[in-house]
Amino acid sequence: MEEWQHPFVNVFKLCKTEQENKDVEISGKVAHRMDEIIHRKVFRISGAIPAVNYIKLPKTPKGLTLHGRFCYLQIKFEPGALFSIHLEVVTSDGNTCRMSIGNIFKPENLKKKSGVVQYNLRDPPTTWTLLSLDLAAAAAEVTGPAAAAAAVKYSHLKSIQLCSTLT
């Protein structure tokens, strides 16, 4: 799924979320609607359990293969609701790393697992927010200093999974 990536790519358009042959996996309470504040079509993910209520882009195993260093997400967090965001990135040696952001992680349990880095986002704003994620820095944190010495670097974004409760 190679795509021209300058300056930005709308992954929802790339994955054809509004067409019959869409390349998106939707589970649970996910609604597609027009937002009255930003005047754009949005996905509203609700439901109490993030693992059951989500949208994943793309559903195909090949992935997005977007090479930009930053991922920008325009998100509206729901007050007091649980959420998580997972991004899978691929390094130059072909390994996949997962970057997870959310309020479902307890600060005392945050730890770097093999191939995973977790970020705790407590009390996020409840208005529309632009979340900027540095994928190369996250990949470097996961792979560690040994990989840096071996010149293993961020290659591309493979997939995005947004889990309830988000708009």
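Predicted model: local features only at pLDDT ≥ 70, side-chain atom pairs only at ≥ 80, totals over all residues.
**Entry 1: Ser 164**

I count two residues as in contact when heavy atoms lie within 4.5 Å. Is Ser 164 buried or exposed? Ser 164 is buried, and its relative accessible area comes out at 0%.

Next I listed what Ser 164 touches, skipping neighbours within four places in sequence. I got Ile 45, Ser 46, Gly 47, Ala 48, Ile 49, Pro 50 and Asn 53, plus Leu 82, Phe 83 and Ser 84.

**Entry 2: the whole chain**

I stepped back to get my bearings. The chain has two helices and 10 strands. Reading from the N terminus, I wrote the order down as α-β-β-β-β-β-β-β-β-β-α-β.

How many of the 167 residues are buried, as a percentage? I noted 41%. I also looked up the contacts with a separation of 6 or more, and 68% of them come from residues 24 or more positions apart. The chain exposes about 9,400 Å², with carbon and sulfur atoms supplying 54% of that.

**Entry 3: the core**

I looked for nonpolar cores, and the largest has 33 residues. Which residues have the most contacts inside it? I wrote down Ile 85, Leu 87, Leu 133, Leu 135 and Leu 157.

I picked Leu 87 from that list and checked what it touches, leaving out residues up to four places away in sequence. Leu 133, Leu 135 and Leu 157 turn up again here, among the contacts of Leu 87.

**Entry 4: strands 2 and 3**

I turned to a strand pair. Strand 2 (residues 29-34) and strand 3 run antiparallel, and six bridges join them. I looked up Val 30, and its bridge partner in strand 3 is Ile 45.

The hairpin of strand 2 and strand 3 has six residues between the strands. There I noted that His 39 takes a positive phi near 55°.

**Entry 5: salt bridges**

Side chains of opposite charge can pair when their charged atoms come close. How many salt bridges does the structure hold? I noted four, and looked at some of them in detail.

Lys 41 pairs with Glu 18, with 3.6 Å between the closest N and O atoms. Lys 41 is in strand 3 (residues 41-46) and Glu 18 is in the loop between helix 1 (11-14) and strand 1 (25-27), so this pair ties together parts that are 23 residues apart in sequence. Glu 18 is exposed, at a relative accessible area of 53%.

Arg 44 meets Glu 78 in a salt bridge, at 4.0 Å from N to O. I placed Arg 44 in strand 3 and Glu 78 in the loop between strand 5 (70-76) and strand 6 (84-91), 34 residues apart. Arg 44 counts as partly exposed at 21% relative accessibility; the cut-off for buried is under 20%.

Asp 134 and Arg 69 form another salt bridge, where the closest N and O atoms are 2.8 Å apart. Asp 134 sits in strand 9 (residues 128-134), while Arg 69 is in the loop between strand 4 (54-57) and strand 5, 65 residues apart. I noted Asp 134 as partly exposed at 22%, and Arg 69 as partly exposed at 44%.

Terms used: Residues numbered from 1 in each chain as written. Heavy atoms only, no water. Core = buried A, V, L, I, M, F, W, Y, C linked by side-chain atoms within 4.5 Å. Buried < 20%, exposed > 50% of the residue type's maximum accessible area, 1.4 Å probe, protein only. Salt bridge = Lys/Arg side-chain N within 4 Å of Asp/Glu carboxyl O. Helix = DSSP H or I, 4+ residues; strand = E, 2+ residues; numbered from the N terminus. Areas by Shrake-Rupley, 256 points an atom, 1.4 Å probe, with all protein chains shown as cover. Pairing = 2+ DSSP bridges.
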